[in-house]
Amino acid sequence: MPTLIDPPSKGTVYCLLSATCYSVTNICLRQLAEIEADPAWVIFLKETTAVLIIGPWLLWQLSRGVRPTGQRRALLLLFIASLTVQLVANLSVQWALGIVGLAISLPIVFSTSLIGSAVIGSIVFHESLSTRSALAIIVVIFSIVLLSLGATELNGTSADTSSLFLSSLAIVAVSVCGIIYAYIGTAIRYAMSVGMSVLGTVFVVTCTGSLSLGALCLIRLGPAEILATDPTVLAWSIASGLCNVAAFSFITKGLQLTTLVHVNMLNSSQVAIGALAGIFLFHEPFNIWLLSGIVMIIVGIGLFGQPQVQHPDTILNDA
């Protein structure tokens, strides 16, 4: 019996569901920044939620005789990348959400991650960088300049030097974080190329975050403060973790049913959703520079093409 919906259309639905869930995750994290919840504790709860969901699933697979594969080198690289993401990138982005908001942070992180992925992919995996992709990088860089000008103008009107400095620092921080996210994307890709499963890879990333941030929170906050966590913080953090796992599941399914470039294009819709959420849900200030920067980033993301691997046989030797 023929299916009513063809695989590419199903893939589109899964990708849109993924972008929606990722957007809800970002909204939850923005709400936690709004109530000034501790960034390390927030990310710990988010990652631990994922571990508690993925862990039993992995155990069930092990009970059925499915054994994880992969090289020690890949596992080590993935662990180092995960530690960098959890202790540097995730904490920095969560902090920046409380400084410059969702409408600025998310577009910059997303676009610099794409730039980083294109550059790293061309170096490590020998993927050709097309003229279209190079043009997209220029557009994205220009859009970040526009966003910076917008943030500077908004904070400059208050004549508050410390506020202007924090905004500039937050923009630099999220730009660097985008590159770090591109780095872990490369580590994940390499790990999967030598046999690690998608589920096992995600478990390593989230478990690293849970353990490292858990230890950090225990030292910084202490057991008493941890046990006295506001139920509101707990609820928003767990919600962000659940939505993040759902988004990952949907995008994984989407990758099986449609092309990579199509997935990236649809996933980029979360940039627009995040920007609108920041402005309308959290009443983040905006001006013509910010709006122009966000539009330019969306255009730049749309210009990115699908890279081509020129020397597939040398990937594992050079990575």
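K46 counts as buried, with a relative accessibility of 9%; buried here means under 20% relative accessible area, exposed over 50%, and partly exposed in between, using a 1.4 Å probe and protein chains only. E47 is also buried, at 5% relative accessibility. K46 and E47 form a salt bridge in which the closest N and O atoms are 2.8 Å apart. A salt bridge is a side-chain nitrogen of Lys or Arg within 4 Å of a carboxyl oxygen of Asp or Glu.

This is a predicted model, in which local features need pLDDT of at least 70 and side-chain atom pairs count only at pLDDT 80 or more, while totals for chains, interfaces and linings use all residues. Residues are numbered from 1 along each chain as its sequence is written, and side-chain values use heavy atoms, with hydrogens and water left out.

## Other salt bridges

The whole structure contains four salt bridges. One of them joins the side chains of E284 and R30, at 2.7 Å from N to O. E284 lies in the loop between α11 (269-280) and α12, and R30 in helix α1 (residues 7-34), so this pair ties together parts that are 254 residues apart in sequence. Helices (H or I, at least four residues) and strands (E, at least two) are DSSP runs, numbered from the N terminus. Both partners are buried: E284 has a relative accessible area of 6%, and R30 has 7%. A network of salt bridges links R30, E34 and E284.

D38 and R220 form another salt bridge, their closest N and O atoms being 3.0 Å apart. D38 is in the loop between α1 and α2 (39-63) and R220 in helix α7 (residues 198-220), so the pair connects parts 182 residues apart in sequence. R220 is partly exposed, at 47% relative accessibility.

Helix α4 (residues 102-124) has 23 residues and reaches 32 Å from its first C-alpha to its last, close to the 33 Å expected at 1.5 Å a residue. The expected span is 1.5 Å times one less than the number of residues. Of the 23 residues in α4, 17 are buried.

Helix α12 (residues 288-303) has 16 residues and reaches 22 Å, close to the 22 Å expected. Its buried residues are L290, G293, I294, I297, G300 and I301. They lie on the same side of α12, because they cover an arc of only 125 degrees around the axis. The arc is that of the directions from the helix axis to the C-beta atoms.

## Nonpolar cores

A nonpolar core is a set of buried Ala, Val, Leu, Ile, Met, Phe, Trp, Tyr and Cys residues joined through side-chain atoms within 4.5 Å. The largest one has 41 residues, and L78, I104, I108, L147, I171, V174 and I301 touch the most other members. Helix α6 gives the largest share of this core, nine residues. Apart from it lies another core of 22 residues, among them L32, A40, I43 and L91.

Leaving out residues up to four places away in sequence, I108 touches I144, L147, I171, V174, S175 and I297. Contact means heavy atoms within 4.5 Å.

## Positive phi angles

Most residues other than glycine have a negative phi. E36, in the loop between α1 and α2, is not a glycine but has a positive phi of about 60 degrees. E36 is exposed, at 71% relative accessibility. H283, in the loop between α11 and α12, has a positive phi of about 55 degrees, and is exposed at 66%. Just after α4, H126 takes a positive phi of about 60 degrees.
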